[in-house]
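Here are my notes after a look through this one.

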Amino acid sequence: MSSHIWLIILFPLLGFLINGLLGRWMPRKLAAWVACLSIFASFAVSASIFLEFLALPPAERILDLDIFPWIVSGDLQVYFGLRIDALSLVMCLIVTGVGFLIHVYSAGYMHHDPGFVRYFTYLNLFVFMMLLLVTGNNLLVMFVGWEGVGLCSYLLIGFWYEKDSAANAGKKAFIVNRIGDFGFLLGIFLLFVSLGDLGVWTLKFSEIAPHATLLDPAVVTWITLLFFVGAVGKSAQIPLYTWLPDAMEGPTPVSSLIHAATMVTAGVYMIVRLNFLYSLAPDTMFVIALVGVLTAFFAASIGIAQNDIKKVLAYSTISQLGFMFVAVGVGAYAAGIFHLMTHAFFKGLLFLGAGSVIHAMSGEQDIQNMGGLRKKLPITYVTFLIACLAIAGIPGLSGFFSKDEILWKAFSAPQGHTIIWLLAAITAAMTAFYMFRLLFTTFHGQCRASEEVKHHIHESPRLMTIPLMILGFLSLVGGYVGIPHVLGGENRFEKFLSPLLAPQKQLAASGWDISFISQAWAATTASPHETALEIALMALSVLLAAAGIFLAYHLYLRRPGLSSDIAARYSGLHRLIENKYFVDEIYDRIFVQGVLRLGRFCARFVDEGVIERFVNGTGSTMNALGGLVRRVQAGYVQGYAFGIIAGAIVLLAYMTLRPLY
Amino acid sequence: MLQDIPPHLYFLLSGILFTIGAIGAITRRNAIIVFLCIELMLNAVNITFITAGNLYNSLDGAIFVFFIMTVAAVEAAVGLAIFIMLFRLKDTINVDEINLLKG
């Protein structure tokens, strides 16, 4: 069975090669079919493995396959190998499942684009790289995927490369990600070297895990922090989040697939994959939870005052990623992955819905020029509403289960803290507010578009609405795989992942041993007092979400003028938020201008002043020396003769006068 | 009679002639005079060879002299031809004005 797991990554690669090499001679329709089918085939393989897994006892749900030796150098032996277990399988299902829907959607959305085939080539390459990232069985294969998705992100953000802003946004994403990747690489090196000191030269997850406890705790803290720097870059957390809002320059389905559902969650995946290390580093966990909750809060507050439909969603994505980091930061890895999954459903759906709106509005993205689209785009409206309810955390929808799990864990887990819970809960209310602000301004009220645009508004073709409906369905029911115990469920999702997750500070020495599951379960079996508390907190967060929705309703539907009044009254604060706290400007002033200044300094002083002077100096010194020597060669034969004779005399004098010994 | 003159006087004569020739070759400006000075140096060397050959009862010195005289004759022919060509080219045989080799 384990021999066919490589099929998962093979199909997208084939799709990429076919479209990339032969695409220009193929009809567009065929290229779209190739791209979509390759992802679907990959999804089918993942699903079949999933079914096989369900039939197996939890401990045997691991397929580890070394395909060929890749780097063999002394003690370093890296195989190109894949690993399918509960965690990577969940990721595979998300990537291929949501990816497939977005591929289908793209076939409709990009229909008129001249770069149609190129688009699908990149998209297939992206899925291949993403699958490599989640299925790699060692850190280097993971790193290849990690860099590969970064490359595809760059290519697709700058897809419309004739546009300056798109090309710049692509560069920004790539460069900011380099900072994170630098940390990731250093983390790999440090882990490899410190394990090597213990005599274990390996980068394989399954071999690192049993030896993780042997490492010096301080070193583990450094390793995990360095890995977290990589996650901060890829998953757009403070302080490296600025690339994600700019990444909205890419086509909307790309924002949906890469910058909401899959790639940006790679950081969360990586931390959960390495949870056996993180569980040994409580300091790092605290940093992660702190960065996560601050990012969630900060990004949500920016999202409140944005007017570009995609920018609102981008900040919302950053904020939700912050939630996931809170989860993994307090040791609730399963909750983080759970939220990752539901987020992939509803945020993917929100972006696709936004794409449908933009499509209908002839490219308009400013929500101030929208309104009243409810009747003209009924399917988009209903699915968008479902996604908004899900992200706001209305009971019964997917987002409710995953977000509440995180909030509860932030409150109750040993690593959690009331402050973290409080900030996260406020953020959840803000999320409900800005999402419904977006919904109300876009779909309700009067249409504020120009007559010409209004004339063209139409519901998207079926190719686009069917993925919307499927994702809408998933957003509705996706949470039921993880109903918490307190609501009478058994949190099957967490149970599915639990063989891979280390409970806090009690990692079994044998690594993947499952004996600790029972302990973990014992810990989660709540006392009646805790049950009451959990239900109370749940009710509170639902109330907060409802309050956020009501506030949005009040400000943007019932009293439309009120919001601008408030904005005018607190104009300073409003300007601060509307301009994203001027973070981009500050970064530009400090880092971009700083680097440019350093560059200019190097050009002027180091290059011109030192290097150029040195090079030119060599030449001119030789020239001057030559000028001196040149005088001897005056061209007067008599001068030469004099030289010869004088030389002869000197020689003679030396021979005659030298001491005879 | 010649045998009565001590050899070191011959060497002295040779040295004086050579020095006169060398100084003349370096200092004079007229190419022909320079040329004559070179001939003078050659002949000073000839005297040395003859004297030394005589001193050691060897004919080698005399053989060298024959060669030198031959070469000197050839040199005179070539040298004078060069001067004629130079004069045609530059209208002078003043060596100060002939500095085509200047680097």
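1. Let's begin with chain B. Among its contacts between residues at least 6 apart in sequence, 44% link residues that are at least 24 apart. In chain A, the figure for that kind of contact is 80%. Keep in mind throughout that this is a predicted model.

2. What is chain B built from? You'll find 3 helices and 0 strands there, and reading from the N terminus the order is simply α-α-α.

3. Now for the overall form of chain B. Its radius of gyration is 17 Å, whereas a compact globule of 103 residues would come out near 13 Å. The C-alpha trace covers about 50 × 30 × 25 Å along the principal axes. As for burial, 12% of the 103 residues in chain B count as buried.

4. Chain A has 661 residues, and buried ones make up 50% of them. Its C-alpha trace spans about 120 × 65 × 55 Å along its principal axes. In secondary structure, chain A has 27 helices and 2 strands.

5. Where do those strands go? Strand β1 (residues 63–73) of chain A and strand β2 (residues 76–84) of chain A run antiparallel, with 9 bridges joining them. You can trace the pairing through A:L63, whose bridge partner in β2(A) is A:I84, and through A:S73, which stands opposite A:L76. The hairpin leaves 2 residues between the strands, and A:G74 takes a positive phi near 60° there.

6. Which residues does A:F436 contact, leaving aside its neighbours within four places in sequence? They are A:C388, A:A392, A:I549, A:A552 and A:Y553.

7. Is α27(A) largely buried or in the open? The number of buried residues among its 21 is 0, so α27(A) lies largely in the open.

8. A word on confidence. Chain A has a mean pLDDT of 87, with 95% of its residues reaching 70 or more. One stretch to treat separately is residues 504–522 of chain A, where the pLDDT is below 50; the model still gives this stretch 32 contacts beyond near neighbours in sequence. For chain B, the average pLDDT is 88, and 94% of the residues score at least 70.

9. Last, the scores for the model as a whole: ipTM is 0.79 and pTM is 0.79.

Terms used:
Residues numbered from 1 in each chain as written. Chains lettered and ligands numbered in written order. Predicted model: local features only at pLDDT ≥ 70, side-chain atom pairs only at ≥ 80, totals over all residues. Pairing = 2+ DSSP bridges. Helix = DSSP H or I, 4+ residues; strand = E, 2+ residues; numbered from the N terminus. Contact = placed C-beta atoms within 7 Å. Buried ≥ 20, exposed ≤ 12 C-beta atoms within 10 Å, placed from the backbone. pLDDT = per-residue confidence, 0-100. Rg over C-alpha atoms; globule rule 2.2 N^0.38 Å.
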